[in-house]
Amino acid sequence: MADTQFAQSDAYLSALIREVRSVPPAGVSLTMGRRTFFKLAGASAAGLVLGFRLGGTAFAAETANVDEPDGKDQAMNAFIRIAPDNTITIYSKCPEIGQGIKTSFGVIIADELDADWNHVVMEQADINPKVYGSQGAGGSTSIPHAWDQLRQAGAGAKAMLVAVAAGQWAVDSSQITARDSVLTHAASGRSATYGSLAVAAAKMPVPDPKSLKLKSRADYRLIGKRYRGVDDPKVVSGQPLFGIDVQLPGMVYATYTKCPAAGGKVRSFNANEIKALHGVLDAFAVDGTGMMVEVMPGVAIIARDTWSAFQAKDKLQVDWDLSEASRDSTSQFSAEARKQAANFPQKPDDNIGDVDKSFANAAKTVEAYYEYPFAAHVPLEPMNTTAHWHDGVMEMWVPTQQPDRGLPIVAKVAGIAPEKVVMHQTRVGGGFGRRLVNDYACEAAAIAKRVKDPVKLQWTREDDFAHDFYRPAGYHQFKGAIDKGGRLDAWQEHFITFTADGKKEASGANLTDNLRYSIKAPNLRRAKTMFPLRIPTGAWRAPGDNAQVFAAQSFMHELSLASGRDHVEFLLDAVNRDVPELVPKDRTVNFSPSRATGVIKMCADKAGWGKTLPKGSGLGLAWCYSHAGHVAQAVELSVDANKRIKIARILVVLDVGPIIDMAGSQAQAQGASTDALSTAMGLKINIENGLIQEQNYNAYPILRMPFAPMTIDPYFIQSDNPPTGMGEPAFPALAPALGNAIFAATGERVRQLPLRDLGYSLAV
Amino acid sequence: MLTLTINGQSRDVDVPEDMPLLWVLRDHLSLVGTKYGCGIAQCGVCTVHVAGKPVRSCQLTVGDVGTRAIVTIEGIGSTPNGAKVQKAWMEAAVPQCGYCQAGQIMSATALLDANPQPDDADIDAAMAGNLCRCGTYIRIRRAIKNAAAKSA
Ligand code: FES
Ligand code: FES
C-alpha cells in the first residue's frame, strides 16, 4: 500500500517535470490558433477574473455580457484592460517567482499593443486555465509557451482600437499608426488615445488571431530594453506581496507537523496539553491522503498568531507509527554506489556503435568516478498558504509555481468540485522547483475545512528542510576512449541513481535528454543501476542537468587532456560530430550544434582563452544545452595552499533567442551562476535512518555576500530563434567550469560535490 | 498591554512579553514587510532598526524592546539614507524574488547611517548576515555604492 502511494506521488512529479521541460518547436502557435480568443467578463468584488472563451456562434451573446459601463476600464481580452485616462492594465497569467515573468509578459503584450509602458499597470491574473491556458512557472517554459499567445493578445486589442478609429475617421485602417497608446492618421493629422477609443473598441468583434500581423524583430520598441521589475517599488518599501503577507479579517494561524521520517503516521499526540497552551485554539490529527504531493498524516495546531502556533509545535509530542517510514541513508547509498560502479549492467539504455572495439583500438582510455549529493531547495519564503472555506467555496492564496496544476488536486483533497476552488496568485518568495508541488496548499485546504475562520498555514524553516522534494544524489562511472587522431571515440557511462517504484528513475533522477543529445560520441553506451528510495525527490532548478552536467563536462575535460588537444578545440570537434543516432527525433528538442558552437567560441573569446596566467591561477570552461538554452560558462580563479579559492571572474554566454528584458535576463544569468557556485561549494543534504540531518540554514551554507563574486559578466547571442526561458540554463555549466579551472590552477581534479567536502572554501 | 514606538508612531499591543518582535509586527500590527525566514538569526530577512541599530527581530522579544524606537521597512523610506537606498535598489534592478530585500535594505541603510562611505570589506561585514537565495549580491553591492556616492 505505502509503496504504491510513494510511487504514485513520484509518478505525478515525473509527469510534471516532463511536461514543464518540453519546449515547443519553432513556428508552432500554441494557444490562440487552437484555443480561440476570449474576453474578460469583468472583475467581481473579490478582484476575481471571470473569463470565458469566445468563438463561433456563442460569440455575439457573450460580447454583450462583457460590456462595461462607459467611463470604466474596458476589457479588451483576458490580458488587457484600458481605462479612460489611458492607463492600461495588463494581467500576467503565470506566477512571479523571481524569474521576472510579470515584467517580461507585460513587455511582450505592451510591445504588440504599442502601449505606453510608463502607463502600464501589471496585475496578477487569477487561476483559470480554460481562459489562460498553462499558468505554471517551471522548466523555463513560461516565455516559449506564452510567446505567441501574448503577442496575439496585444495585437488583437490593437486591431480592435484601430478598427474603431478607422470607422470614426472614415479612413483605411492601414493608414493608421500606433505608438505609446495613441493612434494617429498622419494624412489628416488626427489622433486619439487608446483610452478615448476603449469603450467602442471593447464592443468590436474580436479579430481572428490568424488575421493578425505580428511585429517582426526590427519593429520592437519595448522588447529587448532594460526594465525595473514591475513590483520593485512595493518590494523595496515592504508592501504586502507574498503569500506569507496575506491577512484576512478574523484570520487564525496554523502549523502542521508531519513525521520527520517520510511516510510515518500519527498514532496519537498530547492533544490535551497542546490545546491548553496560551493562544492555541485547536489541535487535531489529519489522516491525509497518504500521497507526498498531497497531504501526509500529521497534526494541525490552530492558534491566534504564528508565534503561539510555533510555541505549541515545539511542545508537541507525537507517537509516530514508523512501520512504513523511510530508513534511507545517504552514507550507505554513497558507499554502495562506489562498490557497484565497476559492475556495468548487462542491459544498456543507449548503445551506439561498438564501444568495446573502440576501447580495444583506442590511443588512450580514461576512467573516472563522479558523485554529487542530495540537495534541498529552501527558497527564502517558507511554504505557506492562506485558505478560507466559506459558502461551499475554498478560497485560497497560494505562493506556488503550479497553481493551474494545484487547483484540481486541492479540489480532490477538499472533496469539492474544481469550480468550487478559487485560487489567487501571490508573488512567490523563490521557487527553484520546490513550489511545483502544492503539498502545502493541499494541507491548508484540509485544515481549512475544519476551521470556520480563514486560516494561514505557516511552515517553519525546519519543516521546509525536513519535507522537501530533494534533488537526488547521483553517481557516474565513466570510461572514455580517444582515437589515434585525438578525437573522442567512445563514451561509456554507468549511472547509479534512484527509483521510487522499482521500475523507472524517481522524479528528477533520470539522465536528462539534454545530455543524451549533446554528448556526441560515435560509440556510446549507457546503463543505470537504481537504488530504492523512500525520500521524495523532485525538480530542482534545471532538473538533472544541474548536477549531471558537472559530471559529464568535467569528464569531457579529462578526455580533452588525454587527447593532448586544447579543451575548446576538443569540445567544438565533439559538439559538431555527425552521429545520426544522436540527432533529436523529438521535435520539441531544439538542440543545435551551431548554437552550441556559437556560445562556446564566444565564451572562450571573452574569457581570453589561451592567455598565460600566473602560477596558482586557472581558467576553466564548460558548456551545456539545458531547458532549450545553449550556454557556455567560464571561471577564472586562483587557489592558495589552504585550498582557498579566489574567483577572479565568471562569464556566462547564452543563446536563448531574443532577450525580452535585458536587465531581468542579466539578473537571471548572474543569479543562476551565483546559485550554482553556492551549491557546488557547500550544499549537501545528509539523510540517516530516514531523517534529514540539516534542519536550518546554519547547516546548509548558502553563499553569502563576502564570498559572492565581484563580477559575473553575462553575454547574449540574440539568435533569430523563438525566445526561450532564462530561469535555468545559466546554472548547469558553472560547476564543471569551476572544477576545470581548479584543475588548471592546481592539477587536482574535482570529481565530487560539494567542494567543501574536499577541503575547498571560497576566499573573502 | 505594551506600548511600542514604530516608525514614529506609538502602537499598543496585547501580547506576551516573550513573543519575538517579528511576530508582533507581522501578526498583531499588520506590518508584514518584515519577513520570517529561519527564526534562528541565520537569514536576516527579519532585520529592523531598534534605536538605530540593525537587529534580527526574530531574536528580540517584544518585552526587551522597552522604549527604544523601532523602524521597519515600511518606515525606512522616511529616513534620508533609507530613501537613498530604496532608490538605488530600484535603479540597479536589484530584486529577483524580492523576499530577502526588506532585510537587505534595512542592513544597507544601517551601514550607511554608521559609515557613509563603506568600502568592499565594510559592505561584506555589514551584509554577511543577510542571505539571498536568488543571488542578487552583485547588484546589492553596486546599489550600496551608488547610494553612498549620492550621500557624498
Ligand atoms: S528570520 Fe530572523 S534571521 Fe532569519
Ligand atoms: S531576491 Fe530572492 S532571496 Fe533575495
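Which helices of chain A each supply at least two residues of the lining of the second largest cavity? They are helix 4 and helix 20, and the views below, all taken from a predicted model, begin with that cavity.

**View 1. The second largest cavity, a space of about 190 Å³.** Its lining numbers 21 residues, and Gly100(A), Thr103(A), Gly229(A), Gly664(A) and Pro95(B) are the closest to the centre. Helix 20 of chain A provides the largest share of this lining, 4 residues. By residue class, the lining of the second largest cavity holds 6 nonpolar, 8 polar and 7 charged residues.

**View 2. The largest cavity, with about 550 Å³ of space.** Gln99(A), Ser140(A), Gln668(A), Met726(A) and Gly727(A) are the closest to the centre among the 39 residues that line the largest cavity. Helix 4 (101-113), helix 6 (142-169) and helix 20 (662-682) of chain A each contribute at least two lining residues. Helix 20 gives the most, with 3 residues. The lining of the largest cavity consists of 17 nonpolar, 19 polar and 3 charged residues. The count of cavities of 30 Å³ or more comes to 11.

**View 3. The largest pocket, with a volume of about 920 Å³.** This pocket is lined by 36 residues, and those closest to its centre are Lys102(A), Met122(A), Glu123(A), Asp231(A) and Lys234(A). At least two lining residues come from each of strand 6 (120-124), helix 8 (232-236) and strand 19 (421-425) of chain A, and from helix 3 (80-91) of chain B. Strand 6 of chain A supplies the largest share, 5 residues. The lining of the largest pocket is made up of 20 nonpolar, 6 polar and 10 charged residues.

View 4. Of the 31 lining residues, Lys313(A), Asp314(A), Thr460(A), Glu462(A) and Asp463(A) lie nearest the centre of the second largest pocket. Elements that each supply at least two lining residues include helix 10 (306-315) and helix 15 (461-466) of chain A, as well as helix 1 (21-28) of chain B. The largest share, 5 residues, comes from helix 10 of chain A. Helix 10 is mostly covered, with 7 of its 10 residues buried; among them are Trp307(A), Phe310(A) and Lys313(A). The lining of the second largest pocket divides into 17 nonpolar, 8 polar and 6 charged residues.

**View 5. The interface between chain A and chain B, where about 4700 Å² is buried.** Contacts join 63 residues of chain A to 51 residues of chain B. Carbon and sulfur atoms give 61% of the buried area. Val236(A), Leu380(A) and Met705(A) supply 18% of the area that chain A buries against chain B, more than any other three residues.

**View 6. The largest nonpolar core, a set of 221 residues.** The members that touch the most other members are Met396(A), Ile447(A), Trp491(A), Ile600(A), Leu738(A), Leu4(B) and Trp89(B). Helix 17 (residues 545-563) of chain A gives the most to this core, with 9 residues. A second, separate core has 52 residues, including Ile101(A), Val162(A), Ala166(A) and Tyr194(A).

**View 7. The surroundings of Leu4(B), which belongs to the largest nonpolar core.** With residues up to four places away in sequence left out, Leu4(B) touches Gln9(B), Ser10(B), Arg11(B), Val13(B), Leu21(B), Val24(B), Leu29(B), Val62(B), Val65(B) and Ile70(B).

Conventions: Residues are numbered from 1 along each chain as its sequence is written. Chains are lettered from A and ligands numbered from 1 in the order in which they are written. This is a predicted model: local features need pLDDT of at least 70, side-chain atom pairs count only at pLDDT 80 or more; totals for chains, interfaces and linings use all residues. Side-chain values use heavy atoms; hydrogens and water are left out. On a 1 Å grid over the protein atoms alone, a cavity is a set of points where a 1.4 Å probe fits but cannot get out, and a pocket is an open set with protein on both sides within 12 Å along at least five of seven lines; lining residues have an atom within 4 Å of a point. Grid points are joined across faces, edges and corners, and a volume is the space filled by probe spheres set on the points. Ala, Val, Leu, Ile, Met, Phe, Trp, Tyr, Cys and Pro count as nonpolar, Asp, Glu, Lys and Arg as charged, and the others, Gly among them, as polar. A nonpolar core is a set of buried Ala, Val, Leu, Ile, Met, Phe, Trp, Tyr and Cys residues joined through side-chain atoms within 4.5 Å. Buried means under 20% relative accessible area, exposed over 50%, partly exposed in between (1.4 Å probe, protein chains only). Contact means heavy atoms within 4.5 Å. Buried area is the accessible area (1.4 Å probe) that two parts lose on being put together, summed over both.
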